[in-house]
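Student: Can you walk me through this model? Keep it short.

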Amino acid sequence: MLVVKSLHIVFVVSWFAGLFYLPRIFVNLAMVENEPAVRAHLLVMARKLYRFMTPLGVLAIVFGLWLWFGFGFSGGWLHAKTLLVAFLVVYHLACGRLLRAFTEGRNRHSHRWYRVFNEIPVLVLTAVVFLAVLKPF
């Protein structure tokens with residue numbers, strides 16, 4: 001099970017790298033609406049990153065479920081962590097929708113909005129780490 005736990009951690013870290021960086025690309029995209037060459041380059045980067053980070057998120061969840069079935073699902077902390085992971089999946093899918101909006105020229109948000117949106121995974125990661133390490137309830 002230590003190998004499974006190690007793989008879970010590796011894929012979680014990798015998925016979070018994408019969750020941290022993709023919204024940062026959105027900030028830049030929102031700032032260069034009138035620069036087609038830069039915009040096109042950022043869209044390529046964003047699409048490639050999204051396609052790369054999606055399987056990483058799936059693998060993080062698969063190995064997390066493996067741990068869950070191996071060790072059992074008990075403790076309020078694990079319920080809270082699972083809820084936060086579900087929220088991250090929704091956040092990931094929201095990133096996909098925002099990327100599609102940028103691709104289709106339908107962005108409705110400012111770069112400031114994306115700066116705030118970019119902070120959400122940091123807060124969730126902090127909560128998940130504290131729950132997993134401290135197991136407070």
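**Helix packing**

Tutor: Start with helix H1 (residues 2-31) and helix H5 (residues 120-134): their axes come within 9 Å and cross at roughly 150°. Axes are lines fitted to C-alpha atoms, for helices over the stretch in contact, and angles run from 0 to 180 degrees between N-to-C directions. Helices (H or I, at least four residues) are DSSP runs, numbered from the N terminus.

Student: How are H1 and H5 oriented to each other, then?

Tutor: Roughly antiparallel, therefore. That label needs an angle over 145 degrees.

Student: Which residues make the contact?

Tutor: H1 gives Phe16, Leu19 and Phe20, and H5 gives Pro121, Val122 and Leu125. Contact means heavy atoms within 4.5 Å.

Student: How many of them are nonpolar, polar or charged?

Tutor: The contact of H1 with H5 has 6 nonpolar residues, no polar and no charged. Ala, Val, Leu, Ile, Met, Phe, Trp, Tyr, Cys and Pro count as nonpolar, Asp, Glu, Lys and Arg as charged, and the others, Gly among them, as polar.

Student: Where did the model come from, and what are the ground rules?

Tutor: It is predicted: local features need pLDDT of at least 70, side-chain atom pairs count only at pLDDT 80 or more, and totals for chains, interfaces and linings use all residues. Residues are numbered from 1 along each chain as its sequence is written, and side-chain values use heavy atoms, leaving out hydrogens and water.

Student: Next, Val124. Buried or exposed?

Tutor: Val124 sits in helix H5. It is buried, at 7% relative accessibility. Buried means under 20% relative accessible area, exposed over 50%, partly exposed in between (1.4 Å probe, protein chains only).

Student: What does Val124 touch?

Tutor: Leu84, Phe87 and Leu88, not counting residues up to four places away in sequence. Leu88 is 36 residues from Val124 along the chain, yet their C-alpha atoms are 7.8 Å apart.

Student: How many residues are in the largest nonpolar core?

Tutor: It has 33 residues; among those with the most contacts inside it are Leu19, Leu29 and Phe102. Such a core is a set of buried Ala, Val, Leu, Ile, Met, Phe, Trp, Tyr and Cys residues joined through side-chain atoms within 4.5 Å. The largest share, 12 residues, comes from H1.

Student: How many salt bridges?

Tutor: The structure holds 1. Arg106 pairs with Glu104, with the closest N and O atoms 2.7 Å apart. The criterion is a side-chain nitrogen of Lys or Arg within 4 Å of a carboxyl oxygen of Asp or Glu.

Methods:
Helices (H or I, at least four residues) and strands (E, at least two) are DSSP runs, numbered from the N terminus. Angles under 35 degrees count as roughly parallel, over 145 as roughly antiparallel, 65 to 115 as roughly perpendicular and the rest as oblique.
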